[in-house]
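Please look through this model with me. My notes follow the display, point by point.

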Amino acid sequence: MSSIQDIVDPANLVYEKTTVMNDTPMHYCPGCSHGVVHKILGEIIQEMGIQEKTIGVAPVGCAVFAYKYLDIDWQQAAHGRAPAVATAIKRLLPDRYVFTYQGDGDLAAIGTAETIHACSRGENIAIIYINNGIYGMTGGQMAPTTLPGMKSTTSPNGRDQQLEGHALDMSKLLVQLDGVCYVTRQSVHTVGAVRKTKKAIRKALENSMLNKGTSIVEVVSTCNSGWRMSPADSNTWMEENMFPVYGLGDLKDI
Amino acid sequence: MTEEIIISGFGGQGVLSMGKILAYSGLVQGQEVSWMPSYGPEQRGGTANVTVILSNERISSPVLNAYDTAIVLNQPSLEKFEPMVKPGGTLIFDGNGMHKLPTRTDIRVYQINATEYAYANNASKTINMIILGGLLKVRPIVEIENVLKGLKKTLPPRHHHLLPLNEKAIHTGMDLIQSFTV
Amino acid sequence: MTKHSEEITLMKGNEAVAHAAVRCGCDGYFGYPITPQSEILETLMEIEPWKTTGMVVLQAESEVASINMVYGGAGCGKKVMTTSSSPGVSLMQEGVSYMAGAELPGVIVNVMRGGPGLGTIQPSQADYFQAVKGGGHGDYRMPVLAPASVQEMADFTVLAFDLAFKYLTPTMILADGIIGQMMEKVILPPFRPRRTEDEIREQCPWATLGKTPERDPNYISSLELRSEEMEKINLRLQARYREIEKHEVRYEEIQCDDAEYIFVAFGTMARVCQKAVELARAEGIKAGLLRPVTLFPYPTQRVSVLAQTVKGFLSVEMSAGQMVEDVRLAVSGTVPVEFYGRMGGIVPSPSEVLNALKTKFL
């Protein structure tokens, strides 16, 4: 058995944290998917060598503080307006990598118009869409993406479709738009899934320089705090309940 | 010298463009000018009007309620603006379709049957120029030469071949206008 | 690029804004059509400045998107603007507040029409409170310029950008349907080249142009959850507003020297009142006009000085009486301050205004 000294010996290290990610303690709940997606983003930006050319747009929602964790230039947008903000940045600075990082409340509820029109115009931006079916930041209220029967603080008896409508599948909706070149749905709950998501986000960023239109990477995620479950149970619950509704895989890739 | 003019008629009669040509003519001869249209859906059907002011001094209000000259091309316009002509001012009307004619005796009233003439002579596109010609006959506030320069500025180059036609219409208007006795 | 000439042209106030924007080195325009100001976007689309200066022009899906595009562009240190009319400007208020909070420069033109609600498309000045007192949430102010001619529509487009970048604040041009729609003579401002990215990096070190190794990441945000820190931000903003009040008051006086009664009016109403002054003087009434050019900062000091020598003020507005409150604050009860206004898109005529003066004071 190796000693702790052996393990931390630089020659034996097998993993290094991306330098794009700083040491600011994250405000995310333990078990949350956001931290993993942030790490992936940082790694991609470092691997592509585009730290100086990347501008992120943070939403309102749990990821509102995304700008604190990744050492790139950021703008924090009003709730739902990230695609409009990103539109202007990309149009004014066409040689920059511009992405939005939005949750399902931001992208699929209050910002639906901005999302659809940025995609319809085919803005050359990447949209990273974290879908956990709930409003995490405000304490677990129902989102447009909340599953039928799913409990939240504003659907305490489970979402009643007669009363509260249906789960909104934004990716399926955005696939139809001519301005969109790439829509994929991934997750980050296993090592394999993380790898796939990383590939997808990298592709989305690369697309943004090819004048192909908008790329959307939906990451079906857990919110163990909002869901009132342990992180491990959340992953199982997501596999059993979210994936049947929000199926993983590429929906469009031109 | 300041000339405050209202031109009013149905949308499509060329009211706004007549005002624009007048304003450009004033510009060409170095005057201060203002062109203030009624705007909105009325431009496309209802009654449209435009206030044009030509002056040798800085123009204060572009909005007026008394005019030196009123040019009215339909009944509602006549009824609205006849009372707003300053005493001693000028009223020009096109009698087409009008059943109640001007009544004031403290102003100079002129009739110009431009619409009737234009339709009889297949020249409906130049009604406003005929009327402008009439105006210039009785109120020579701008030189015809400057009107033609102004017209050139308002017409897109692809329509410049129509300039002689418009010049002819101005002269037609000068012949057509006549004093109206109340 | 067309060479600048001192050529006098005849154009609408709306068109003047578009031409002036291109000429003053504006980087981007984002807007949504609404009467009575759609000619601004139409003119820009006709000029196609992206082919000459490289300026971006984009028709957005809404006023909400427009103002957030302005936020995004301004965050990159770019000179960006939007224009709208009253209902659209109401939709923008969230974005204006965010810009104020994030200390972003940008220009918003409101060519006012009558409200409330969808109201009318005819001219109005009933957005004074919204513009001057802060229409969005939170303690913020912004410079508000009130053009009274087509020439000023052009000039203030340039000035608004200068103020916005000097004080890092959204800046509003508060016009009305008449100023937007009327044609007058105008001398357009000279061409200024758009700033290069190096110039922006130097002038706006906070801009998000991409993090370079020499500096920490820049981020544009109005969020600060720690109350003590948030109060500090507020105090900084308030200090800046005091600076604006100290240095940027602008107004015009017409025949105020010997005036016994003074009209106070801005924009189109100032033009109407100027004519009313002419009519009054012809009748031997010593009337004058004070025209605030900046509505924030308001010429409070000047009003209070004039209050020492006149018998009364008449605030004339196309509203139910909004600016009159600022006149009363400045006069502070020393002489009567009366109000006359029309609503719903009706523009009071010069003689109507003069009659109001006579009725209230003589």
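Predicted model: local features only at pLDDT ≥ 70, side-chain atom pairs only at ≥ 80, totals over all residues.

1. Start with the charges. Side chains of opposite charge can pair when their charged atoms come close. Over all chains, the structure holds 48 salt bridges. The next points take up a few of them.

2. Look inside chain A. Arg81(A) and Glu114(A) form a salt bridge, and their closest N and O atoms are 3.2 Å apart. This pair links distant parts of the chain, 33 residues apart. Arg81(A) sits in the loop between β2 (73-76) and α3 (82-92) of chain A. Glu114(A) sits in helix α5 (residues 112-121) of chain A. Is this pair buried or exposed? Arg81(A) is buried, and Glu114(A) is buried too.

3. Now go to a pair between chains. Glu252(C) forms a salt bridge with Arg58(B), with 3.1 Å between the closest N and O atoms. Glu252(C) lies in strand β10 (residues 251-254) of chain C, and Arg58(B) lies in the loop between β3 (47-55) and β4 (67-72) of chain B, so the pair joins two chains. The relative accessibility of Glu252(C) is 17%, so Glu252(C) counts as buried; the cut-off for buried is under 20%. Arg58(B) has 52% relative accessibility and therefore counts as exposed, since exposed means over 50%.

4. Stay with chain C. Lys133(C) forms a salt bridge with Asp326(C), where the closest N and O atoms are 2.6 Å apart. Which helices hold the two partners? Lys133(C) is in helix α5 (residues 128-133) of chain C and Asp326(C) is in helix α12 (residues 324-331) of chain C, so the pair ties together parts that are 193 residues apart in sequence. Lys133(C) is partly exposed, at a relative accessible area of 33%. Asp326(C) is buried, at a relative accessible area of 8%.

5. Some salt bridges share partners. In chain A, they join Lys39(A), Glu43(A), Glu47(A), Lys198(A), Arg202(A) and Glu206(A) into one network.

6. Next come the helices. Two packed helices are described by the angle between their axes and the distance between the axes. In chain B, helix α4 (residues 127-138) packs against helix α6 (residues 163-176) at an angle of about 55°, with the axes 6 Å apart. That angle makes α4(B) oblique to α6(B). The crossing of α4(B) and α6(B) is right-handed.

7. Chain C gives a helix pair at roughly 65°: helix α10 (residues 267-282) and helix α13 (residues 350-361), with axes that come within 8 Å. This makes α10(C) roughly perpendicular to α13(C). α10(C) passes α13(C) in a right-handed crossing.

8. Take another pair in chain C. Helix α1 (residues 13-23) and helix α6 (residues 150-167) cross at roughly 30°, and their axes come within 8 Å. Therefore α1(C) is roughly parallel to α6(C), because angles under 35 degrees count as roughly parallel. Here α1(C) passes α6(C) in a right-handed crossing.

9. Check one residue in helix α2 (residues 38-47) of chain C: Thr43(C). Thr43(C) is buried, with a relative accessible area of 12%. The C-alpha atom of Thr43(C) is 6.3 Å from that of Ala18(C), although the two residues are 25 residues apart along the chain.

10. Which residues make a nonpolar surface patch of about 290 Å²? They are Ile4(A), Ile7(A) and Val8(A). Val8(A) belongs to helix α1 (residues 4-8) of chain A. Its relative accessibility is 51%, so Val8(A) counts as exposed.

How values were computed: Residues numbered from 1 in each chain as written. Chains lettered and ligands numbered in written order. Heavy atoms only, no water. Patch = residues over 30% accessible without salt bridge, like charges linked within 9 Å, V, L, I, M, F, W, Y side chains within 5 Å. Areas by Shrake-Rupley, 256 points an atom, 1.4 Å probe, with all protein chains shown as cover. Salt bridge = Lys/Arg side-chain N within 4 Å of Asp/Glu carboxyl O. Helix = DSSP H or I, 4+ residues; strand = E, 2+ residues; numbered from the N terminus. Buried < 20%, exposed > 50% of the residue type's maximum accessible area, 1.4 Å probe, protein only. Axes fitted to C-alpha atoms, helices over the stretch in contact; angles between N-to-C directions. Parallel < 35°, antiparallel > 145°, perpendicular 65-115°, else oblique. Left-handed = near helix turned anticlockwise from the far one by under 90°.
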